[in-house]
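Please look at the sequence and the structure below before reading on. The report then takes up the annotated domains and a few of the helices in turn.

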Amino acid sequence: MAVILTEAEAKALLQKVLSFSKADECEVNLLGEIRGNLRYARNEVSTSGAMTNKDISVQSSFGKKVGVASIDEFDDASLEKVVRRSEELARLAPENPEHVGVMEPQQYIKSNGYFESTASITPDKRAEAVAKSLELSSKQGLAAAGFLEDRKGFTAMMNSKGLFAYYKNTNVNFSLTVRTDDGTGSGYVAKGYNDFNKLDTAAATKIAVQKSLASKGAKALEPGKYTVILEPTAAAVLLESIFFGMDARSADEGRSFFSKPGGKTKLGEKIVDERVTFYSDPTHPDLPAAAWSGDGQPQAKTLWIDKGVVKNLSYSRFWAQKKGVKPVPNPNNMIMEGGTATLDEMIKSTKRGILVTKLWYIRPVDPQTLLLTGLTRDGTFYIEDGKIKYPIKNFRFNESPIIMLNNLETLGIPERVVSTESDQNYILPPMKIREFTFSSLSDAV
């Protein structure tokens with residue numbers, strides 16, 4: 001059986017699995033994917049790999065007793081075996097007081113994240129894309145280390161009430177670090193797309209090369225509060241702590257930034273600058289996503305923060321039932337609206353500030369304020385009188401993305417970025433922030 005199934009093939013297989021069920025309710029999830037990658041370091045390819053994965057997961061329930069079993073064999077005997085196993089586990093399990101039954105059939109909007117250009121990538125195409133990158137770094141005597149990974153796959157689900165969902169997609173991620181021969185200069189770039197034709201490894205490499213050469217001979221600046229320009233790659237690792245924290249239950253239970261005393265939440269309150277708007281949209285042409293969540297809830301365009309005001313928090317079906325509201329699934333993507341300024345224009349408008357191209361090693365300090373700490377890396381630069389003056393040594397920062405978005409000066413043009421912490425893709429703008437807190441120096445490059 002093929003790894004990547006069509007919608008009709010997936011439906012037929014899921015119907016067969018459900019036909020073995022003797023439980024009160026049954027839900028079956030199916031996944032198939034093929035991944036390929038090329039890794040390189042010191043300007044030489046070190047590994048070339050591929051991975052194929054296909055498995056089925058069955059959840060059976062008797063009342064509120066639930067059992068889950070998975071298998072990666074697809075003959076009829078194995079399919080029946082995994083259903084029986086999930087039923088055995090359900091009978092042995094204690095009752096789950098938060099279990100809600102499976103959903104009725106749903107209507108899903110159309111979303112297209114599958115591109116033949118990515119699905120048809122061969123080892124030769126990977127090598128060709130990486131060769132363009134290596135040529136540029138080798139020519140300048142720089143050491144390059146990078147990773148190119150592509151994926152094609154599908155997910156599908158069906159339950160005993162007749163709900164069926166299917167989504168097929170492709171993705172390619174490219175990341176690269178370029179170091180100078182003396183080890184004092186470093187530049188980084190990461191690009192992610194659904195469509196391989198959009199990936200220009202040579203153009204991306206030029207960015208990392210330029211940052212690497214420009215960051216040689218860094219000078220130390222005193223820690224303190226500075227105006228900063230965050231490139232989208234740097235902003236992503238801070239903003240996703242907001243994205244991941246927009247959960248109604250943790251807010252209601254007093255465990256998150258979105259909590260208020262007395263069991264209340266910040267839903268409906270203005271928490272950041274009015275220029276800040278976050279939304280999710282599975283049909284976004286530059287960041288398509290599945291039109292259904294893991295439990296089968298339909299995804300639609302959803303405003304999370306609109307003009308600085310919290311418009312939505314995600315509600316699981318159980319928590320929505322408990323609170324008497326409509327469920328809101330966790331988003332499958334996230335887009336931040338921006339402005340019209342280019343990065344160059346933002347630099348030109350800065351009297352004195354710091355350009356941050358990458359942040360890493362992000363750790364939470366205080367979940368109630370979303371205070372985070374971490375380090376700059378791979379090219380940090382001092383700006384004076386509208387020009388990049390010289391590279392500077394890296395800093396440790398202590399900052400909350402909420403405070404940061406209240407100190408917003410300028411938003412630039414949004415672009416698709418890859419988070420260096422989670423590998424998630426977002427659409428985010430560069431941003432100019434005043435009074436960003438750098439707490440100490442770091443000697444790392």
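## The central domain

How far apart do the end C-alpha atoms of residues 126-214 lie, and how much of the span is helix and how much is strand? In this model, which is predicted, those end C-alpha atoms lie 29 Å apart, and the span is 31% helix and 46% strand. An unreviewed UniProt entry lists residues 126-214 as "domain: Metalloprotease TldD/E central".

## The C-terminal domain

The unreviewed UniProt entry also lists residues 223-439, under the name "domain: Metalloprotease TldD/E C-terminal". Over residues 223-439 the chain is 17% helix and 36% strand, and the end C-alpha atoms are 5 Å apart.

## Helix 4 and helix 5

Two packed helices are described by the angle between their axes and by the distance between those axes. For helix 4 (residues 123-139) and helix 5 (residues 201-214), the axes come within 8 Å and cross at roughly 30 degrees. Angles under 35 degrees count as roughly parallel, and helix 4 and helix 5 are therefore roughly parallel to each other. The crossing of helix 4 and helix 5 is right-handed.

## Helix 6

Helix 6, which covers residues 232-244, has 13 residues and reaches 17 Å from its first C-alpha to its last, close to the 18 Å expected at 1.5 Å a residue. At Leu238, helix 6 bends by about 35 degrees.

Leu238 is also one of the buried residues of helix 6, and others among them are Pro232, Val237, Leu239, Glu240, Ile242 and Phe243. Because 12 of its 13 residues are buried, helix 6 is largely enclosed by the rest of the structure.

Note on methods:
Residues are numbered from 1 along each chain as its sequence is written. This is a predicted model: local features need pLDDT of at least 70, side-chain atom pairs count only at pLDDT 80 or more; totals for chains, interfaces and linings use all residues. Side-chain values use heavy atoms; hydrogens and water are left out. UniProt positions are given in the numbering used here, feature names are shortened, and annotations may be inferred rather than shown by experiment. Helices (H or I, at least four residues) and strands (E, at least two) are DSSP runs, numbered from the N terminus. The expected span of a helix is 1.5 Å times one less than its number of residues. The bend at a residue is the angle between axes fitted to the seven residues ending there and the seven starting there. Buried means under 20% relative accessible area, exposed over 50%, partly exposed in between (1.4 Å probe, protein chains only). Axes are lines fitted to C-alpha atoms, for helices over the stretch in contact, and angles run from 0 to 180 degrees between N-to-C directions. Angles under 35 degrees count as roughly parallel, over 145 as roughly antiparallel, 65 to 115 as roughly perpendicular and the rest as oblique. A crossing is left-handed if the near helix is turned anticlockwise from the far one by less than a right angle, and right-handed if clockwise.
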